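Subject: A structure for you to explore

Hi there,

Here is the structure I promised to send you. Have a look at it first, and then read on for what turned up in it.

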Amino acid sequence: EINKNNVQDIEEFILTYIVNTISKLKQNEEIELIGIATPGNPKNGNISTMVNLGVDEYNIKEKIEQYYKVPITVRNDAKCAAIAEKEFGSLKEYEDAVFLIIGTGVGGAVYLNGKLLRPKRYSGFEVGHTVINKNGIKCNCGRNGCFEVYSSMRRLKEKINKEFNLNTTDGIKIREFMEENTNNKKLDKILDEYIQNLETGIANLINIFEPQAISIGGSFGHYDILLKRLQDKINGKTELYNKEQIPKILIAELKNDAGMIGAAMI
């Protein structure tokens, strides 16, 4: 996981990583097109407002074109993953659906009547930057109390690491700690608070879009203990306007490959 604190030049790191990865693939087969799934607002190959990486503007398409003369498409990572999940994964049976990526931040996409919602101006559906606590913690985007401040996996892992002095941000180690301490009251309180915040944001989405299903990708999908708590909370119907037909809460079937598959499809 990269962030603005552990990489000196994020833009150069991203470019080098992409070029090196493509070069390795090119040894075995010819590259016909390049699809890039990215956080932030991509438009015409230029990415803006990657707030969690501290990048305001970055024309990644122009940079890569210096190395490869093939068609290059750049699209929001949540939208790419949603396209893949709708075509091949957890959402293929549903016409009205919400897809969420919960990892470093919170991103999403919406399908209505089988069609992906596509705003004309930006990639849209920045669900992570909707506010669930107007007097809350300041987000990287500049607002206070954003959904992703309370519901990203990064924030949860940071809190567990700090509260229990684990001295690690390794997701596997933190997941093992959670699974091995299911009766710890302090941990239970932290997880309960996290799920309450997550459910608040998801209940808002359900009330707006009335999806048949919500699929969650990103690192959240590796934590069965969190999925069960969330399903129980949503099924409790506490914050839903229409309580008769509760959407199914699913985990992305394509896991971390969803974004890459979707990027290749566009």
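Before the first finding, one term: two parts are in contact when their heavy atoms lie within 4.5 Å. With that in mind, look at helix α1 (residues 10-26), which lies across β3 and β4 and runs at about 40° to β4. Please remember throughout that this is a predicted model.

**The three-stranded sheet**

Strands β3 and β4 belong to an open sheet of 3 strands, in the order β2-β3-β4, with antiparallel pairing. Strands β2 (41-43) and β4 (55-59) stand at the edges with a single partner strand each, so one side of each has no neighbour in the sheet. On average, neighbouring strands here are turned by 10° against each other, if direction is ignored. How many bridges join β3 to β4? There are 4, and β3 covers residues 46-50. You can find Asn-46 standing opposite Asn-59 in β4.

**The five-stranded sheet**

Another open sheet has 5 strands in the order β8-β7-β6-β9-β10, and its pairing is mixed. Its edge strands are β8 (115-116) and β10 (248-251), each of which pairs on one side only. Strand β7 (residues 106-112) runs antiparallel to β8, and 2 bridges join them. Tyr-111, for example, has Leu-116 in β8 as its bridge partner. Helix α8 (residues 224-235) lies across β9 (213-217) and β10, at about 165° to β10.

Is Phe-147 buried or exposed? Its relative accessibility is 0%, so Phe-147 counts as buried. This residue lies in helix α4 (residues 147-151). Leaving aside neighbours within four places in sequence, the contacts of Phe-147 include Val-106, Val-127, Ile-132, Leu-198 and Ile-202.

Now turn to Phe-88, which is found in helix α3 (residues 77-88). Phe-88 has 46% relative accessibility and therefore counts as partly exposed, since that class covers values between 20% and 50%. Together with Met-265 and Ile-266, Phe-88 makes a nonpolar surface patch of about 260 Å².

Enjoy exploring, and do write back with any questions!

Best wishes

Key:
Residues are numbered from 1 along each chain as its sequence is written. This is a predicted model: local features need pLDDT of at least 70, side-chain atom pairs count only at pLDDT 80 or more; totals for chains, interfaces and linings use all residues. Side-chain values use heavy atoms; hydrogens and water are left out. Patches are made of residues with over 30% relative accessible area and no salt bridge: like charges are joined within 9 Å, nonpolar side chains (Val, Leu, Ile, Met, Phe, Trp, Tyr) within 5 Å. Accessible areas come from the Shrake-Rupley method with a 1.4 Å probe; for residues, only the protein chains shown count as cover. A salt bridge is a side-chain nitrogen of Lys or Arg within 4 Å of a carboxyl oxygen of Asp or Glu. Buried means under 20% relative accessible area, exposed over 50%, partly exposed in between (1.4 Å probe, protein chains only). Two strands pair if DSSP finds at least two bridges between them. Axes are lines fitted to C-alpha atoms, for helices over the stretch in contact, and angles run from 0 to 180 degrees between N-to-C directions.
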